[in-house]
Amino acid sequence: MIVTLRQPQANDIDWITKACQDNEIQRWTTVPRPYLRRHAEEYVLQSHTQPSIFAVIELATDLGVGMINIHGVDQATGEAVAGYWIAPWARRRGVATQALQQLIEHARTLPGATTLTLKISPANVASRGTAAKSGFVVVRTETQTCHDGDTATDALIYSLPL
């Protein structure tokens with residue numbers, strides 16, 4: 001499966017809503033629970049004011065398979081913090097790695113960004129593997145700044161120089 005990134009559109013709302021019902025997305029991210037259609041509508045609308053929110057789209061079918069974004073760039077440190085999730089119907093097919101590689105290229109164009117970082121729970125083995133495949137390394141641990149379901153957990157901070 002080959003993917004590309006693009007700005008979310010109104011026709012993405014249904015698949016985003018469906019994907020965010022997934023237990024793994026709810027476990028590892030901060031999506032609202034329960035996740036309602038209005039949450040997807042608000043997220044798509046928000047994406048039009050924040051240029052670093054992307055839908056991950058399968059090229060062959062033009063169907064959505066995930067979301068990836070940069071939450072912002074800390075101008076003092078140059079750190080750009082990213083996050084992503086992949087829909088259950090696209091997992092274990094290299095989608096997250098491809099999307100993250102494309103996001104890295106985007107991050108290199110952001111003014112002031114010198115590093116791209118990911119906050120990942122130590123228990124999130126799949127996401128840790130994606131980070132490692134994409135060249136990220138663990139640089140520190142932050143106490144209780146990540147999620148494992150409803151529980152705050154420590155976060156492994158993965159970093160990649162831009």
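With the side chain of which residue does the side chain of Glu 142 make a polar contact at 3.2 Å, apart from that of Lys 119? The points below start there; the model is a predicted one.

1. The residue is Thr 145: its side chain and that of Glu 142 form a polar contact of 3.2 Å. The side chain of Glu 142 also makes a polar contact with the side chain of Lys 119, again given as 3.2 Å.

2. Glu 142 sits in strand β6. Glu 142 counts as buried because its relative accessible area is 18%, and the cut-off for buried is under 20%. With neighbours within four places in sequence set aside, the residues in contact with Glu 142 are Lys 119, Asp 154, Ala 155 and Ile 157.

3. The largest pocket holds about 1200 Å³ of space. Its lining comprises 50 residues, and those closest to the pocket centre are Trp 28, Thr 29, Gly 83, Tyr 84 and Trp 85.

4. Which helices and strands each supply at least two residues of that lining? The helices are α2 (23–28), α3 (37–47), α4 (95–107) and α5 (125–133). The strands are β3 (63–73), β4 (79–86), β5 (115–120) and β6 (137–148).

5. Sorted by class, the lining of the largest pocket has 26 nonpolar residues, 17 polar residues and seven charged residues.

6. Turning to the backbone, most residues other than glycine have a negative phi, and most peptide bonds are trans. The peptide bond that joins Arg 33 and Pro 34 is cis, with omega about 0°.

7. Asp 62 is not a glycine, yet has a positive phi of about 65°. Asp 62 belongs to the loop between β2 (53–58) and β3. Is Asp 62 buried or exposed? Asp 62 is exposed, with a relative accessible area of 51%; the cut-off for exposed is over 50%.

8. Arg 92, also a residue other than glycine, has a positive phi near 60°. The loop between β4 and α4 holds Arg 92. Arg 92 is classed as exposed because its relative accessible area is 79%.

Definitions and conventions: Residues numbered from 1 in each chain as written. Predicted model: local features only at pLDDT ≥ 70, side-chain atom pairs only at ≥ 80, totals over all residues. Heavy atoms only, no water. 1 Å grid on protein atoms, 1.4 Å probe; cavity = no way out; pocket = protein on both sides within 12 Å on 5 of 7 lines; lining within 4 Å. Points joined across faces, edges and corners; volume = space filled by probe spheres on them. Helix = DSSP H or I, 4+ residues; strand = E, 2+ residues; numbered from the N terminus. Nonpolar A, V, L, I, M, F, W, Y, C, P; charged D, E, K, R; others polar. Buried < 20%, exposed > 50% of the residue type's maximum accessible area, 1.4 Å probe, protein only. Polar contact = N/O pair within 3.5 Å; in protein donor to acceptor, adjacent residues only side chain to side chain. Contact = heavy atoms within 4.5 Å.
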